[in-house]
Amino acid sequence: MSSDATLPLDGQRILELAARSMFDLFANASEGMLLVDRDARVVWVNEQYKRFLPALGYARVEDFVGHPVSEVVQNTQMHRVLESGKPILLDLLSNKAGTFGVSRIPLRDEQGQVIGALGIVLFDHPETNLQPLIHKFAKLQRDLDDARRELATQRRSKYTLASFVGSSPAAVEVKRQARKAAQSSSPVLLLGETGTGKELLAHAIHAASARSRGSFVSVNIAAIPDTLLEAEFFGVAPGAFTGADKRGRDGKFKLADGGTLFLDEIGDMPLALQPKLLRALQEREIEPLGSNKVVPFDARVIAATSRDLAALVREGKFREDLYYRLNVLPIKVPPLRERGPDIGALAEVLIEDIAMRNGTAPFELDPAAIALLSSQRWRGNTRELRNVLEQAAMRSDSQQIDERVLVDVLRDAGIERLPPAPPPQRAAAAPNPNALRPLAEQVAEVERQAIQAALAATGGNKLAAARLLGISRAKLYERLELVA
């Protein structure tokens, strides 16, 4: 067999011819092709691809070419190919033009650097020959969308300041402080006994803040083993250790980026981990477990504890510098025994929640029962009150619960029962001698005092005094003559 003198002997030349032939083959046989540069801008489309442009919203090729591919093609993955340098040989792409079977291939220069990517539409009616794959893809997509919606719901704030029930002076003050804290991005430290509503307030502060659209991520430090806390906080790099997820895992700091991170029971944090938490709060960056790269984050931190942090600092069990970093906006959440006037309203809310969870009609408390509840110490705070109400609901056959049922519940639960406080006696008011003078004299005296105060405040300037009193200067002169 004689050799063809025109056959190139250079291997690189053969490779170039093969690549050109494959390109021409795909350009002619595929349903469409587009080319993007290293900046992910569309630089070329073939004739077959142009028929998709109207469905994508572009009347002319000039309106499509030259733009970032992510802006003109919905759900494209071309940027991933450029970033990773790895091809996606077969994928399903769904957008306004339909569902397509596509392939994406990186393009490299002589030095092996990625200089662009080629997108190939293999077939534009995959439902005809890829029906099982289409169904599986659609189901996976629906499951993913459902999971994302559920996760977004779980990370949304559950409570507002209105959820902190009560109008007692103690409740009003703590809500005032919470509103003030919501206007800042500084760390908040919630201090109070177990069951006083610290987590509810953390949710409420987040909901009232400028970060309310971001995630609310909660970590109960006391509920996580010490060995897992670092990974829970800072995340794990891909393949950080044997058995680790190859994709890695984001930590709570990263998940709370743009939102609020709630550190519950901060007093239980292991001493060895406290320096890393302090560094994260100071530098606003974290280092995932097994990684050498720092990851910036932007999360507002709210911490809570039922322990005496100042005492833990004195005992050497909590870092002093971390304590000062967290104790920027401290809020003391009052126990239930200091909120006696709120017990009735709080019991009503708890009763409605108990009924909703049990699928029953809410019961009522008679005035004597409310008075009894309001006089107890409630060492377990809201949790203890809820437990007593649930027991009372189970014991009573009536929709109205009286004092006797609650007495039995408190006795059987071993709770020291305190009698209701007697109503305060109102002392008879002594008659005010000034009130026995003619009304005109009393009005004239009040006017005289108001005018004298206004003149003193304005240094004798009658025009300024009149403005201060909300009257005309002529009216002021008239009143001066009458009360002189």
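Biologist: Are Phe253 and Phe297 buried or exposed?

Modeller: This is a predicted model in which local features need pLDDT of at least 70, side-chain atom pairs count only at pLDDT 80 or more, and totals for chains, interfaces and linings use all residues. Residues are numbered from 1 along each chain as its sequence is written, and side-chain values use heavy atoms, with hydrogens and water left out. A residue is buried under 20% relative accessible area, exposed over 50% and partly exposed in between (1.4 Å probe, protein chains only). By that scale, Phe253 and Phe297 are both buried.

Biologist: How many aromatic pairs does a search of the whole structure find?

Modeller: Rings of Phe, Tyr and Trp (its six-membered ring) pair if their centres lie within 6.5 Å; planes under 30 degrees apart are stacked, over 60 edge-to-face and the rest tilted. Searching the whole structure with that rule, the number of pairs is 10.

Biologist: Nice! What kind of pair do Tyr58 and Phe64 form?

Modeller: Their ring centres are 5.6 Å apart. The planes meet at 75°, so the pair is edge-to-face.

Biologist: Which residues form one aromatic cluster?

Modeller: The edge-to-face pair of Tyr58 and Phe64 belongs here. The members of the cluster are Tyr49, Phe52, Tyr58, Phe64 and Phe100.

Biologist: On to the helices: how is α18 placed relative to α19?

Modeller: Axes are lines fitted to C-alpha atoms, for helices over the stretch in contact, and angles run from 0 to 180 degrees between N-to-C directions. Helix α18 (residues 439-457) packs against helix α19 (residues 462-469) at about 125°, with the axes 8 Å apart. Angles under 35 degrees count as roughly parallel, over 145 as roughly antiparallel, 65 to 115 as roughly perpendicular and the rest as oblique. The angle therefore makes α18, relative to α19, oblique.

Biologist: How many nonpolar residues does the contact of α18 with α19 have?

Modeller: With contact meaning heavy atoms within 4.5 Å, α18 uses Ala450, Ile451, Ala454, Leu455 and Ala457, while α19 uses Lys462, Ala465, Leu468 and Leu469. Ala, Val, Leu, Ile, Met, Phe, Trp, Tyr, Cys and Pro count as nonpolar, Asp, Glu, Lys and Arg as charged, and the others, Gly among them, as polar. The contact has no polar and 1 charged residues, and its nonpolar count is 8.

Biologist: And how is α15 placed relative to α17?

Modeller: Helix α15 (residues 367-374) and helix α17 (residues 403-412) have axes 8 Å apart and pack at an angle of about 30°. That angle makes α15, relative to α17, roughly parallel.

Biologist: Which residues of α17 make that contact with α15?

Modeller: From α15 come Ala368, Ala369, Leu372 and Leu373. Facing them from α17 are Glu403, Leu406, Val407 and Leu410.

Biologist: What is the phi of Glu265?

Modeller: Most residues other than glycine have a negative phi. Glu265 sits in the loop between β8 (260-264) and α11 (274-283) and is buried, with a relative accessible area of 15%. Although Glu265 is not a glycine, its phi is positive, at about 55°.

Biologist: And what is the phi of Arg284?

Modeller: Arg284 is in the loop between α11 and β9 (285-286), and counts as partly exposed at 31% relative accessibility. Arg284 is not a glycine either, yet its phi is positive, at about 60°.

Biologist: One last stop: which residues does Asp342 touch, not counting those up to four places away in sequence?

Modeller: Asp342 lies in the loop between β12 (329-332) and α14 (343-358). At 1% relative accessibility, Asp342 counts as buried. Leaving out residues up to four places away in sequence, Asp342 touches Val165, Gly166, Ser167, Ser168 and Ala171.

Notes. Helix = DSSP H or I, 4+ residues; strand = E, 2+ residues; numbered from the N terminus.
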